[in-house]
Amino acid sequence: MLNKNISVGGLKSESYALWALSSTVPDYRLAWLINNHLQISLQRDNLVQGKEGLTFAMFTADDTPSVLKYTLISNKNTQEGSILFADYHTVDFFLKISGTTTQEELDKIRKKLKTIPEVSACIPISSEKKVIYLFFANIL
């Protein structure tokens, strides 16, 4: 999925790719695995607040040499049995990669993610899914 520019009614405009990840490992473990495979440094960040005040884990990393920013957000709050995006109930995590990059670079990153045995799926989310794209346009 090529980066898209999103700008709606005063919301922050940004170029980014968004992928849905399926994995049964805990959030901290997936962040560690992604760090090792992509040679980045995802670190726990502020929690994302969803419906009814429930929180969801978020990890961020800046890839200084290539000026990319990675954001990993859990779609599930396992303690409460809640989901951030009910339409994506089969998705365990979202990975947002923001910054200027090429489709070729994104393909390489996705290919590396697919080599992680604990990641069972890495699926691009279309920019036509406006609700989720607007939400992520305003996350970091």
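Angles under 35 degrees count as roughly parallel, over 145 as roughly antiparallel, 65 to 115 as roughly perpendicular and the rest as oblique. The model is predicted, with local features needing pLDDT of at least 70 and side-chain atom pairs counting only at pLDDT 80 or more, while totals for chains, interfaces and linings use all residues. Residues are numbered from 1 along each chain as its sequence is written, and side-chain values use heavy atoms, without hydrogens and water.

Helices (H or I, at least four residues) and strands (E, at least two) are DSSP runs numbered from the N terminus. H1 and H2 pack at an angle of about 125 degrees, with axes 10 Å apart; axes are lines fitted to C-alpha atoms over the stretch in contact, and angles run from 0 to 180 degrees between N-to-C directions. The two helices, H1 and H2, are therefore oblique to each other.

| Helix | Residues | Residues in the contact |
|---|---|---|
| H1 | 27-38 | Ile34, His37, Leu38 |
| H2 | 103-114 | Ile109, Lys112, Leu113 |

Contact means heavy atoms within 4.5 Å.

A nonpolar core is a set of buried (under 20% relative accessible area, 1.4 Å probe, protein chains only) Ala, Val, Leu, Ile, Met, Phe, Trp, Tyr and Cys residues joined through side-chain atoms within 4.5 Å. The largest such core has 26 residues, and Ile34 and Leu113 are among those touching the most other members. H1 gives the most to this core, five residues. Beyond four places in sequence, Ile34 is in contact with residues including Leu21, Leu72 and Leu113. Another core, apart from this one, has 15 residues, among them Leu54, Phe85, Tyr88 and Phe94.

Conventions. Buried means under 20% relative accessible area, exposed over 50%, partly exposed in between (1.4 Å probe, protein chains only).
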